[in-house]
Amino acid sequence: MSRLKAHRHWTRFRSVNGIRYLTLAGLCLAATVLFRFDLDSTVVQAQATLKGDPEQGKTKAALCAACHGVAGVSINPLWPSLAGQQELYLVKQIKAFRDGEREEITMQPFVQNLSDQDVADLAAFYAGLSPCP
Ligand code: HEC
């Protein structure tokens, strides 16, 4: 009798936990799919906009070098190094300065007249530099 009870209990335990695990696995799968989708669409969006040319970027970075360093490594503690930074992040930040969403009076004059292609080229140039020259 008690063995039967124990068996029933085990079966119930197994099925309840089975459902829990299945639900959990389902949620994980959904999260992964959603995350991948989000990541893909961001990358696709960025690619769809503009492709940067690092050679062009190098020429356009002549003025930036005064503060950010010729090789993208700054020597002033208040000026960030840009070498090896993520390309998408650079695009986002340069545009933010240009469009007045991020404010810095020393930066603004140098980026305010950049086109989207200039920004893409500059970002490609800095992203391709080594952070440790
Ligand atoms: C007069 C100095 C100066 C010049 C020239 C200059 N910058 Fe900057 N830049 C700065 C300073 C200072 C900051 C940090 C701003 C802050 O504290 O928010 C900065 C920040 C940045 C950032 C953000 C970095 C980060 O980690 O968020 C990027 C990108 C950038 N500059 C790109 C450029 C580009 C591209 C040019 C040339 C077109 C340029 N800068 C010219 C001084 C300069």
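Ala, Val, Leu, Ile, Met, Phe, Trp, Tyr, Cys and Pro count here as nonpolar, Asp, Glu, Lys and Arg as charged, and the others, Gly among them, as polar. On this basis, the shell around the ligand comprises 14 nonpolar residues, three polar residues and one charged residue. The model examined is a predicted one. In it, the ligand is surrounded by 18 residues, and the closest of these are Cys64, Cys67, Gln93, Glu104 and Phe110. Three helices each contribute at least two residues to the shell, namely helix 3 (65-68), helix 4 (87-98) and helix 5 (108-111).

The secondary structure of the protein consists of six helices and zero strands, so that the pattern read along the sequence is α-α-α-α-α-α. Of the 133 residues in the protein, 18% are buried. Among contacts between residues at least 6 apart in sequence, 67% join residues at least 24 apart.Helix 4 has twelve residues, which should span 16 Å at 1.5 Å a residue, and the 16 Å between its end C-alpha atoms agrees with this value. Its buried residues are Leu90, Val91, Gln93, Ile94 and Arg98. The buried residues of helix 4 pack against helix 5 and helix 6. Gln93, which is buried in helix 4, is also one of the residues closest to the ligand. When residues up to four places away in sequence are left out, Leu90 touches Leu82, Gln85, Ala123, Tyr126 and Ala127. Just after helix 4, Gly100 adopts a positive phi of about 80 degrees.

Helix 6 (116-127) also has twelve residues, and the distance from its first C-alpha to its last is 16 Å, close to the 16 Å expected at 1.5 Å a residue. Nine of these twelve residues are buried, so helix 6 is largely enclosed by the rest of the structure. The buried residues are Val119, Ala120, Asp121, Leu122, Ala123, Ala124, Phe125, Tyr126 and Ala127. They pack against helix 2 and helix 4.

In soluble globular proteins, nonpolar side chains tend to be buried together. The largest nonpolar core of the model has 17 residues, and those with the most contacts inside it are Leu90, Val91, Ile94, Val119, Leu122, Ala123 and Tyr126. Helix 4 and helix 6 are the elements that give two or more residues to this core. The greatest contribution comes from helix 6, with eight residues.

A charged residue is also found among the buried positions of helix 6, namely Asp121. Asp121 has 24 other C-beta atoms within 10 Å, and a residue is classed as buried if this number is 20 or more; Asp121 is therefore buried. Leaving aside residues up to four places away in sequence, Asp121 touches Gly52, Asp53, Gln56, Gly57 and Lys60. Asp121 and Thr59 are 62 residues apart in sequence, whereas their C-alpha atoms are 9.4 Å apart in space.

Gln56, one of the residues touched by Asp121, is located in helix 2 (residues 54-60). Gln56 has 16 C-beta neighbours inside 10 Å and therefore counts as partly exposed. Gln56 and Leu122 are 66 residues apart along the chain, and 7.6 Å separates their C-alpha atoms. Leu122 is itself buried in helix 6 and is among the residues with the most contacts inside the largest nonpolar core.

Notes: Residues numbered from 1 in each chain as written. Predicted model: local features only at pLDDT ≥ 70, side-chain atom pairs only at ≥ 80, totals over all residues. Near = placed C-beta within 6 Å. Helix = DSSP H or I, 4+ residues; strand = E, 2+ residues; numbered from the N terminus. Core = buried A, V, L, I, M, F, W, Y, C linked by C-beta atoms within 7 Å. Contact = placed C-beta atoms within 7 Å. Expected span 1.5 Å × (residues − 1).
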